[in-house]
Amino acid sequence: MPEQSSPLDLAEGDPFGPHNLPYGVFSTPGHPEDRRVGVRVGAHVLDAGAAAHALGSPYARLLAQPSLMPLLAAGRTAWRDVRRALTAWVTVPSHRPDLEPLLYPLDSVTLHLPYEVADYVDFYASEHHATNVGRIFRPDGAALTPNWKHLPIGYHGRAGTVVVSGTDVVRPSGQRKAPADPAPVFGPSVKLDIEAEVGFVVGVPSEQGVPVALGDFREHVFGLSLLNDWSARDIQAWEYVPLGPFLGKSFATSVSAWVTPLEALDAARTAPPVRDAELLPYLEDADDEEPGGFDIRISVEINGQTVSEPPFASMYWTAAQQLAQMTVNGASLRTGDLYGSGTVSGAEPGQRGSLLELTWNGRDPLDLAEGKRTFLEDGDTVTLTAWAPGPHGTRVGLGEVTGRITASP
Ligand code: CA
């Protein structure tokens, strides 16, 4: 009889190999209330709390939980130690008899939002995206607003409507009024869009009144995941002056079920683009030990067809600068805070992270197998995937974020 292969025998170069180990929360069929912290290994999820118990690990208390919150709050030393332990568990052959019964095929489990989103902030950090949007909406003005290169611009979003990948997104209704329309009308959005982004997850809180310095980014931020900031452009265009995005954004934000720890992305750190305006000291990162950017290659698929490949390495503002910006006034961080990078768009047309830009506000429709697309139609499924360079020529896969549009009720 041939030896049965183990789920831990991964193909060489598997982007979800032991160099990655993202965290999520899962349940098994028939037990939807029994949520458990899981770690993705190849095409399986390891019940991390049960593994910790089976192996007599001191991290069972952190891992045998229904959410990632205790692990997020535990801090950088614990994050490193737990990751080191997990790496040993899945690579040392003598652990296999204990671990194999605790591995579930990914397609056999339900994945849940892995942490309770505390506050949600979204930025606007791609110069290419901001320039494209400026050209589309303010063709007669400067593409970038005067503040853009002096501070990472952001707004507070709605934490309660952040949903896990796989959740359907209901087309929002609202007011819209094109410039030539005599009066606003109400109805389902006719310009429903995506924004391909990376979301950063805060683990360790900060004290109110005390800004978080650039250099303390890794003491507070646990990891990142792909994020789709669904956007109703027609609702947004009518409502956003003068206070910024509101109902055009707050109906849903999708995040991946998997949070990739920053430690898995050490080989993906890269210098951000050269800044061409002098930065105030609290944002100045020229002398930082670790380059502030991440080389993450994103793909945007609509109904299985790749429409764009946005490069995260091109982002002008880094996640550390965004963290410094959102706390410089003394606003505190809480465990579970989530902040989005802003739409990721590169310099090339095929690297744009929104349909607004890809179709130039509907002027240049995309040719999909199902026909022309300007904005999303009911039944469309949008999936973001990504990878980043890992150690020794490997790739670190980011968990996908996907969502299907359903009709307005
Ligand atoms: Ca956004």
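The lining of the second largest pocket divides into seven nonpolar, one polar and six charged residues (Ala, Val, Leu, Ile, Met, Phe, Trp, Tyr, Cys and Pro count as nonpolar, Asp, Glu, Lys and Arg as charged, the others, Gly among them, as polar). This is a predicted model, in which local features need pLDDT of at least 70 and side-chain atom pairs count only at pLDDT 80 or more, while totals for chains, interfaces and linings use all residues. Residues are numbered from 1 along each chain as its sequence is written, and side-chain values use heavy atoms, with hydrogens and water left out.

**Pockets**

- The second largest pocket holds about 360 Å³ of space; K177, A178, P179, A237 and W238 are the closest to its centre of the 14 residues that line this pocket.
- The largest share of that lining, four residues, comes from α8.
- The largest pocket has a volume of about 560 Å³, and among its 31 lining residues Y124, V133, Q236, Y240 and P245 are the closest to the centre.
- In the largest pocket, α6 gives the largest share of the lining, four residues.

**Domains**

- The domain assignment gives domain 1 (23-112) and domain 2 (120-406), with C-alpha centres 29 Å apart.
- Between them the two domains bury about 1600 Å², 69% of it on carbon and sulfur atoms (buried area is the accessible area, 1.4 Å probe, that two parts lose on being put together, summed over both).
- Y23, R76 and W79 of domain 1 lose the most area to domain 2, together 37% of what that side buries.

Technical notes
On a 1 Å grid over the protein atoms alone, a cavity is a set of points where a 1.4 Å probe fits but cannot get out, and a pocket is an open set with protein on both sides within 12 Å along at least five of seven lines; lining residues have an atom within 4 Å of a point. Grid points are joined across faces, edges and corners, and a volume is the space filled by probe spheres set on the points. Helices (H or I, at least four residues) and strands (E, at least two) are DSSP runs, numbered from the N terminus. Domain bounds come from an automatic or database domain assignment.
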